[in-house]
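I opened my notebook for a new entry today.

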Amino acid sequence: QQISWTPLLVLGYLFYLLLGAMMFQLLEKQAETHFRDQFQMEKLKFLQNYTCLDRQALEQFVQVLMEAWEKGVNPEGNSTNPSNWDFSNSFFFAGTVVTTIGYGNLSPSTVAGQIFCVFYALFGVPLNLALLNQLGKGLNAHLITLERWVQKPGRAQVQLAIFLTAGTLLFLVFPPLVFSYVEGWSYGEGFYFTFITLSTIGFGDYVVGTNPNKHYIPVYRSLTAIWIVFGLAWLALVFNVGADLMEKFLQMKWHKPDLNLAEGATIKLEDEPEQPRIHIPS
């Protein structure tokens with residue numbers, strides 16, 4: 001007898017979103033209020049120190065700064081800052097488009113650039129997914145499938161542990177050290193950027209190669225884009241393993257096997273070899 005666990009999964013999903021909303025509100029709202037009050041105080045101090053300005057003029061200048069930031073121009077520094085659209089930065093931006101990361105700190109401002117971006121993503125996103133699938137299959141070829149690992153523990157456990165450990169070191173542990181050194185971030189900020197990037201969440205609050213006070217090597221962002229592609233394939237496999245485990249747990253918990261067919265089903269499972277599966281989420 002089969003019991004549908006889809007409604008329970010939907011309820012669990014909604015509960016998880018509600019839990020996240022409450023926690024983010026609890027953790028961030030007070031800090032936002034503090035920063036907002038501090039910013040208003042700084043504007044008042046600025047007007048007191050420069051009496052030739054009025055509030056309207058200051059608000060207009062703040063609007064100019066906001067528009068510059070939205071166009072990808074960093075208000076810090078001067079006109080000698082490196083271009084956001086040199087080849088290295090453009091290569092990095094192209095990578096954020098096809099991987100659907102979309103940091104949001106930089107976007108095309110011309111109509112021609114926006115139209116090209118649409119068609120570039122239209123063909124680039126499927127191409128990126130095809131590449132990730134091939135990379136995922138290459139990685140998965142060296143592993144025993146999750147089902148076989150669960151049913152026949154042994155050497156496969158060691159292989160899976162090595163795969164997860166090596167990937168964690170290569171894509172999540174060591175890169176923040178590099179980003180901390182190059183960007184001047186803390187290790188925690190570097191780790192946060194690494195995970196938010198490889199999971200394609202891409203808030204855009206931390207982006208490599210954007211500090212106008214630092215001099216980056218020309219290929220820095222291009223190498224980062226290549227690292228992102230391989231990191232996406234690895235983390236997608238990790239997410240797939242987690243999703244399979246969760247799905248198996250729910251099926252084992254809510255599906256009651258028919259006792260009359262249990263023996264025959266067991267024989268069938270043993271006779272039919274399992275096929276490896278790979279699912280790469282976008």
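Predicted model: local features only at pLDDT ≥ 70, side-chain atom pairs only at ≥ 80, totals over all residues.

**Entry: the overall build**

I counted the elements and found 9 helices and 0 strands. Read from the N terminus, the order is α-α-α-α-α-α-α-α-α. I then asked for burial, and of the 282 residues in the protein, 28% are buried. The accessible surface came out at about 19,500 Å², with 66% of that area belonging to carbon and sulfur atoms.

**Entry: the annotated spans**

I checked the UniProt record, an unreviewed entry, for the feature "transmembrane region". The record places this feature at residues 6-27, 112-132, 158-178, 190-208 and 220-243. I took two of these spans and looked at how the model draws them. Residues 112-132 are 100% helix and 0% strand, and their end C-alpha atoms lie 29 Å apart. Residues 220-243 are likewise 100% helix and 0% strand, with 34 Å between the end C-alpha atoms.

**Entry: a nonpolar patch**

Which residues form a nonpolar patch on the surface? My list reads Leu169, Phe174, Leu177, Tyr187, Phe191, Tyr192, Phe195, Ile201, Phe203 and Phe239, and together they have about 900 Å² of accessible area. Two elements give two or more residues each to this patch, namely α6 (155-183) and α7 (187-198). The largest share is that of α7, with 4 residues.

Ile201 sits in the loop between α7 and α8 (220-254). Its relative accessible area is 40%, so I noted Ile201 as partly exposed.

**Entry: salt bridges**

Side chains of opposite charge can pair when their charged atoms come close. How many salt bridges does the structure hold? I found 2.

One joins Glu32 to Arg36, with 3.2 Å between the closest N and O atoms. Both residues belong to helix α1 (residues 6-49), and they are 4 residues apart, about one turn of the helix. Glu32 is partly exposed at 43% relative accessible area, and Arg36 is partly exposed at 43% as well.

The other joins Glu59 to Lys43, and here the closest N and O atoms are 2.7 Å apart. This pair links distant parts of the chain, with Glu59 in helix α2 (residues 55-70) and Lys43 in helix α1, 16 residues apart. Are the two partners buried or partly exposed? Glu59 is partly exposed, with a relative accessible area of 32%. Lys43 has a relative accessibility of 9%, so Lys43 counts as buried.

**Entry: aromatic rings**

I searched for aromatic pairs next, and the structure holds 15 of them. Phe92 and Tyr103 make one that is stacked, with 6.0 Å centre to centre and 5° between the planes. Phe92 lies in helix α3 (residues 87-98) and Tyr103 in the loop between α3 and α4 (111-140), so this pair ties together parts that are 11 residues apart in sequence. Phe92 counts as buried, at 3% relative accessibility, and Tyr103 is buried too, at 6%.

I then turned to Phe179 and Phe193, whose ring centres are 5.1 Å apart. Why is this pair edge-to-face? Their planes meet at 90°, so the pair falls in that class. Phe179 is in helix α6 and Phe193 in helix α7, 14 residues apart, and the pair links these distant parts of the chain. Both Phe179 and Phe193 are buried.

I was pleased to see both pairs turn up again in a cluster. Ring pairs link Phe92, Tyr103, Phe179, Trp185, Tyr192, Phe193, Tyr206 and Trp227. Tyr192 is also on my list for the nonpolar patch.

**Entry: positive phi**

Last, I looked at backbone angles. Thr100 has phi near 60°, a positive value in a residue other than glycine. I located Thr100 in the loop between α3 and α4, and it is partly exposed, with a relative accessible area of 36%. Thr200 also has a positive phi near 60°, and I located Thr200 in the loop between α7 and α8.

Conventions: Residues numbered from 1 in each chain as written. Heavy atoms only, no water. Patch = residues over 30% accessible without salt bridge, like charges linked within 9 Å, V, L, I, M, F, W, Y side chains within 5 Å. Areas by Shrake-Rupley, 256 points an atom, 1.4 Å probe, with all protein chains shown as cover. Salt bridge = Lys/Arg side-chain N within 4 Å of Asp/Glu carboxyl O. Buried < 20%, exposed > 50% of the residue type's maximum accessible area, 1.4 Å probe, protein only. UniProt positions renumbered as here; feature names shortened; annotations may be inferred. Phe/Tyr/Trp six-rings, centres within 6.5 Å; stacked < 30°, edge-to-face > 60°.
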